[in-house]
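Subject: Structure for you to look at

Dear colleague,

I am handing over the structure below, together with some notes on what was found in it. Please read them with the structure open beside you.

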Amino acid sequence: MKTPDAILLVEDNEDDVFLMQRALKRAGIINPVQLAEDGRIAIDYLSGSGKFSDRAAYPVPKAVFLDLKLPIKDGFEVLSWIRSQPELKEMPVIILSSSSEPADVDRAAELGSNSYMVKPPTGPGILNLAKMLNWDWLKIQPGASFGKLV
Amino acid sequence: VSANNDSDERLLVLMPTAKDAERVVTGLAQTNISAFACQDILEMCGEIERGAGAALLTEEAIVADHTGHLKCLLQAEPAWSGFPLIVLVREGGKAHALPDALALNVTLVERPLRMVTLKSVVDTALRHRRRQYQLRSVLEELERTNRQLELRVQQRTARLEESIGELEAFSYSVSHDLRSPLRAMQGYAEALLEEKGLSEQGRGYLSRIQRSAARLDLLIQDVLAYSKVSKGDIKLERISLEALLDEILRGYPELTEKATITIERPLPSVIAHEAYLTQCLANLLSNAIKFVAPGVHPRVRVWVESSGNFVKIYCKDNGIGIDPAHRAQIFQLFGRVHSEKTFAGTGIGLAIVKKAMERMGGSVEVESELNRGSRFCLSLPKAA
């Protein structure tokens with residue numbers, strides 16, 4: 001059986017990583033999550049440079065969940081970089097931020113994010129998002145607590 | 001106050017001949033007037049520029065000043081200055097060459113003249129000039145003070161802008177960083193609650209941790225809301241109260257679920273900031289239905305009255321009311337008059353209302369007695 005498509009989570013805070021993984025689990029999502037702890041690593045991962053050229057270990061993700069406050073390069077910089085890459089123009093990028101400040105929400109939309117979630121992410125929230133963005137690649141465990149995608 | 005330097009006290013003298021000039025200078029020296037003989041009108045102009053008390057010259061010298069040096073010089077004088085000219089005219093002469101020069105500070109003296117007359121005229125001119133120099137120092141002092149004030153205003157403005165910037169950075173940081181560990185606490189407590197084999201007491205403690213975290217999160221959000229209404233420029237615009245209240249009742253369905261809210265229409269338009277006014281009305285309405293005695297069904301009536309250029313929006317409830325002694329306290333940040341157990345809340349809601357109303361050029365007042373309900377009144381400028 002083919003491994004489900006990967007999700008890239010760009011997040012430096014361990015607790016937030018835990019909360020995201022928990023939300024995915026509660027939604028019954030079994031797609032593997034790859035982690036990038038800062039903006040630079042995220043860009044390296046997506047461009048496949050260095051160790052990330054091994055696409056068997058580090059597959060190109062189907063979607064990126066991107067925190068805004070990140071070390072080295074922040075989420076806005078990563079988002080601008082993604083949208084400047086022709087092969088990543090269609091990559092779904094979901095901002096996952098603690099900020100509900102209109103300035104942040106507006107700037108993320110301007111830079112081309114597909115959606116914006118205020119932390120903490122929840123299982124139903126992620127499922128709603130997946131439904132909205134027509135993520136047919138998402139693998140949901142049968143009998144998951146929040147049901148299946150419609 | 002003395003003149004700035006010695007040259008400012010001199011009388012400049014220009015006579016048809018050097019001999020005449022010499023005689024005048026010597027004569028005045030005997031009466032303690034320091035005089036300086038000039039060769040020609042150009043030299044005199046130069047000396048005036050260096051600083052002088054007055055000038056004594058003949059009508060002919062002015063007529064001879066074809067290029068108008070003296071006139072140009074004196075007309076270009078600063079506002080504090082009116083350089084005194086003493087002009088000797090021929091006896092019975094019409095002083096026909098002087099009409100233009102008369103706009104200046106000129107004293108005509110007929111020749112021949114006695115030394116005592118000359119001394120008196122020169123003394124008056126020099127006294128006049130001294131007053132002008134005094135005026136100059138006052139004006140200079142004023143200008144210096146002005147410059148200092150200007151500088152201070154600039155410095156204060158810069159400092160103020162800096163603090164506004166810091167405040168913005170602070171509230172941004174509150175929004176991002178302070179809530180993050182809290183989120184983790186809530187998340188882990190929730191995860192722990194899902195574990196099997198937890199004792200009833202353990203569950204109870206975890207619920208308390210969750211409730212405290214939720215309360216802290218509410219406090220942070222309210223402080224953030226308060227700092228948001230305190231900072232930044234806002235654009236005031238025409239807002240239809242009718243549409244805004246409908247929007248609020250739609251946006252906060254629990255208001256109409258828990259209470260009977262009567263709105264007396266039609267409602268006018270006001271000049272306000274939509275987000276601020278929404279926040280104010282929503283806070284007042286939710287307070288009105290929150291602070292009621294147990295078992296009482298909350299009833300709220302909203303109506304407006306016109307008062308000059310202002311619209312007064314009234315919000316009257318059948319709640320527990322406010323002891324007049326606590327009236328000021330309720331608008332303060334964290335000002336609470338009930339225990340957290342009796343009525344949940346952060347004590348920030350009305351502080352936000354007060355600040356937001358002030359920012360919109362309006363005000364908030366309350367009329368209430370204990371157990372008699374409260375009547376809040378928001379005043380805002382009427383929309384034309």
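A:Lys119 and A:Glu11 form a salt bridge (a side-chain nitrogen of Lys or Arg within 4 Å of a carboxyl oxygen of Asp or Glu), and their closest N and O atoms are 2.9 Å apart. The pair links distant parts of the chain, 108 residues apart, since A:Lys119 sits in the loop between β5 (115–118) and α5 (123–132) of chain A, while A:Glu11 sits in the loop between β1 (7–10) and α1 (14–26); helices (H or I, at least four residues) and strands (E, at least two) are DSSP runs, numbered from the N terminus. A:Lys119 counts as buried at 7% relative accessibility, and A:Glu11 counts as buried at 2%, where buried means under 20% relative accessible area, exposed over 50%, and partly exposed in between (1.4 Å probe, protein chains only).

Please bear in mind that this is a predicted model, in which local features need pLDDT of at least 70 and side-chain atom pairs count only at pLDDT 80 or more, whereas totals for chains, interfaces and linings use all residues. Residues are numbered from 1 along each chain as its sequence is written, chains are lettered from A and ligands numbered from 1 in the order in which they are written, and side-chain values use heavy atoms, with hydrogens and water left out.

In chain B, the side chains of B:Glu242 and B:Arg265 meet in a salt bridge at 3.3 Å, N to O. B:Glu242 lies in helix α7 (residues 241–251) and B:Arg265 in the loop between β7 (260–263) and β8 (269–272), so the pair ties together parts of chain B that are 23 residues apart in sequence. B:Glu242 is partly exposed, with a relative accessible area of 22%, and B:Arg265 is partly exposed as well, at 39%.

Another salt bridge in chain B joins B:Arg375 and B:Glu367 at 3.1 Å, N to O; B:Arg375 counts as partly exposed at 23% relative accessibility, and B:Glu367 is partly exposed at 48%. Salt bridges that share partners also join A:Glu11, A:Asp16, A:Asp67, A:Lys119 and B:Arg183 into one network, and the structure holds 27 salt bridges over all chains.

As for chain A as a whole, the chain has five helices and five strands, which follow the pattern β-α-β-α-β-α-β-α-β-α along the sequence, and buried residues make up 48% of its 150 residues.
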